[in-house]
Amino acid sequence: MTTHINAKMGDYAETVLLPGDPLRAKFIADTFLEDVVQVNEVRGALGFTGTYKGKRISVQGSGMGIPSMSIYINELVSAFGVKNIIRVGSFGAMADNIALGDVVLASGASTDSAVIAQTFGPGIYWSALPDFELLDTAYHQAQAMNVPVKVGNIFAADRFYNDEIDMDKLKDYGVLGTEMEAAGLYLLGSKLKFRALDILTASDHIYRDEALSAQERQTSFKDMMLVALETSLKF
Ligand SMILES: O=P(O)(O)O[C@H]1O[C@H](CO)[C@@H](O)[C@H]1O
Ligand SMILES: O=c1cc[nH]c(=O)[nH]1
């Protein structure tokens, strides 16, 4: 048992899917897993363990933003032996060629969060990158499933509401879109030595007046979820 997770060693599988939204965690467990056991409900951050095609997999809601997600990651890795974490999140698309519902694999993460600078000190601009084998496996898995994916740089914003960020410049430099966790996930992957990957689905477009409803966000991310689950079978 940890401060935020009311479970015991062995309750979580080595691979955890990590959506921000606890109800997305429940949806994944209800829809795709068998023999499901709820392993956490502290603060409503729902966690479940079950099997997918016979393999034990867990899914845990992380809350929004790097600070909340980092609590769950630290506890999952240090107290429950988790080795692979695949975030399954939503993001706001910036690139012109991304439509709502499109899946992106974050092959890198930029951020305005202080976590990188606080870790390395002034003058070091550490690159936040996923585990290559997870990324490579997810990419080829998506191809095999005929799920079109884009791969690239994602901006992990510290604030959802922020009109001070120069989105035009980030977009011009090839950033595909924005969410709130990728850089923290990859930083902790390197620090705590677990495999990390951020798989995302576009829920809205920053440059176009388009957005999925909350209900659509909760349930329409099945391509992303299946890519993550099938990828999990290889680890
Ligand atoms: O849909 P989730 O996984 O929560 O991810 C995105 O949605 C939240 C903001 O609405 C942030 O957590 C952002 O990263
Ligand atoms: O963090 C997020 C998630 C979805 N859309 C955004 O604009 N930002």
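The model is predicted: local features need pLDDT of at least 70, side-chain atom pairs count only at pLDDT 80 or more, and totals for chains, interfaces and linings use all residues. Residues are numbered from 1 along each chain as its sequence is written, while chains are lettered from A and ligands numbered from 1 in the order in which they are written. Helices (H or I, at least four residues) and strands (E, at least two) are DSSP runs, numbered from the N terminus.

**Strand S1**
- S1 spans residues 15-18, and both of its faces are covered.
- Thr15 and Leu17 lie on one side, Val16 and Leu18 on the other, and all are buried. Buried means that 20 or more other C-beta atoms lie within 10 Å of the residue's own, with C-beta atoms placed from the backbone.
- S1 runs parallel to S5 (residues 84-93), joined by four bridges. Strands pair if DSSP finds at least two bridges between them.
- Leu18 has Arg87 as its bridge partner in S5.
- S1 also runs parallel to S4 (residues 55-60), with two bridges. There, Leu17 is partnered by Val59.

**Helix H2**
- H2 (residues 66-80) has 15 residues and reaches 20 Å from first C-alpha to last. That is close to the 21 Å expected at 1.5 Å a residue, taken as 1.5 Å times one less than the number of residues.
- Its buried residues include Ile66, Met69, Tyr72 and Phe80.
- The buried residues of H2 pack against S1, S4, S5, H3, S7 and H6.
- Gly81 follows H2 and has a positive phi, near 70 degrees.

**Nonpolar core**
- Ile154 and Ile199 touch the most other members of the largest nonpolar core, which has 69 residues. Such a core is a set of buried Ala, Val, Leu, Ile, Met, Phe, Trp, Tyr and Cys residues joined through C-beta atoms within 7 Å.
- H2 gives this core its largest share, seven residues.
- In soluble globular proteins, nonpolar side chains tend to be buried together.

**Ligand surroundings**
- The residues around ligand 1 include Pro19, Asp21, Met64 and Glu181. A residue counts as near if its C-beta atom, placed from the backbone, lies within 6 Å.
- S5 gives the most to the shell around ligand 2, with three residues.

Key: Buried ≥ 20, exposed ≤ 12 C-beta atoms within 10 Å, placed from the backbone. Contact = placed C-beta atoms within 7 Å.
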